[in-house]
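Subject: Structure handover and what was found in it

Dear colleague,

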Amino acid sequence: MPFRANDQSIARLDGMGGRFRVAVGQAAERSGQALVAASKKGQRNGPKSGRVYGSHKASAPGEYSAVLSGQLLNSTAYQASPDQIRFGVGVQHGRYQELGTSKMAPRPNLGNAVDETLPEINRIFGENMLRRIVGPS
């Protein structure tokens with residue numbers, strides 16, 4: 001089947017690289033926001049089935065961390081560009097929560113957020129690519 005393009009189709013190809021980069025950057029920004037929101041929501045509202053220490057109910061291995069001081073929760077952030085999304089926490093104990101220690105199993109706040117948000121991130125990237133590259137229908 002032969003392909004035929006008109007002048008309008010060819011004109012739409014011009015500048016596609018730039019539109020692609022903008023679309024990826026916007027999708028990365030929205031995805032970073034979604035990741036932070038999911039991590040914070042999981043820490044605040046996720047199930048906590050660990051031990052009880054006085055009035056504090058801890059998280060169990062594999063769950064989001066239970067919030068005690070709020071430092072971990074408040075340090076969750078992202079940086080986005082068309083090349084990458086950096087998603088992490090800015091407190092030292094975040095590493096121990098995420099990966100665990102010899103005395104504590106992991107509470108993967110970042111990993112859980114990625115797992116839960118992946119379908120949304122795929123949707124965000126798909127919509128942005130379609131809107132920026134193909135244009136309005």
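How many nonpolar, polar and charged residues does the lining of the largest cavity have, by class? The lining has three nonpolar, three polar and one charged residues, where Ala, Val, Leu, Ile, Met, Phe, Trp, Tyr, Cys and Pro count as nonpolar, Asp, Glu, Lys and Arg as charged, and the others, Gly among them, as polar.

Before going further, please note that this is a predicted model, in which local features need pLDDT of at least 70 and side-chain atom pairs count only at pLDDT 80 or more, while totals for chains, interfaces and linings use all residues. Residues are numbered from 1 along each chain as its sequence is written, and side-chain values use heavy atoms, with hydrogens and water left out.

The overall layout

The chain has five helices and four strands, which are DSSP runs numbered from the N terminus (helices are H or I with at least four residues, strands are E with at least two). Read from the N terminus, these elements follow the order α-α-β-β-α-β-β-α-α. Of the 137 residues in the chain, 34% are buried, where buried means under 20% relative accessible area, exposed means over 50%, and partly exposed lies in between (1.4 Å probe, protein chains only).

The cavity

The structure holds one cavity of 30 Å³ or more, and the volume of the largest cavity is about 30 Å³. A cavity here is a set of points, on a 1 Å grid over the protein atoms alone, where a 1.4 Å probe fits but cannot get out, and lining residues have an atom within 4 Å of a point; points are joined across faces, edges and corners, and the volume is the space filled by probe spheres set on them. Its lining is formed by Gln-43, Leu-72, Val-89, Gly-94, Glu-98, Asn-109 and Leu-110, and the elements that give two or more residues to this lining are helix H4 (92-99) and H5.

In soluble globular proteins, nonpolar side chains tend to be buried together.

The salt bridges

There are three salt bridges, each being a side-chain nitrogen of Lys or Arg within 4 Å of a carboxyl oxygen of Asp or Glu. One of them joins Arg-21 and Asp-83 at 3.3 Å, N to O, and this pair links distant parts of the chain, 62 residues apart, with Arg-21 in helix H2 (residues 16-45) and Asp-83 in the loop between strand S3 (77-80) and strand S4 (85-88). Arg-21 is partly exposed at 44% relative accessible area, whereas Asp-83, at 60%, counts as exposed.

Arg-123 meets Glu-120 at 3.9 Å, N to O, and these two residues lie three apart in helix H5 (residues 109-134), about one helical turn. Arg-123 also meets Glu-127 at 3.1 Å, N to O, so that salt bridges with shared partners join Glu-120, Arg-123 and Glu-127 into one network.

With best wishes

Technical notes. On a 1 Å grid over the protein atoms alone, a cavity is a set of points where a 1.4 Å probe fits but cannot get out, and a pocket is an open set with protein on both sides within 12 Å along at least five of seven lines; lining residues have an atom within 4 Å of a point.
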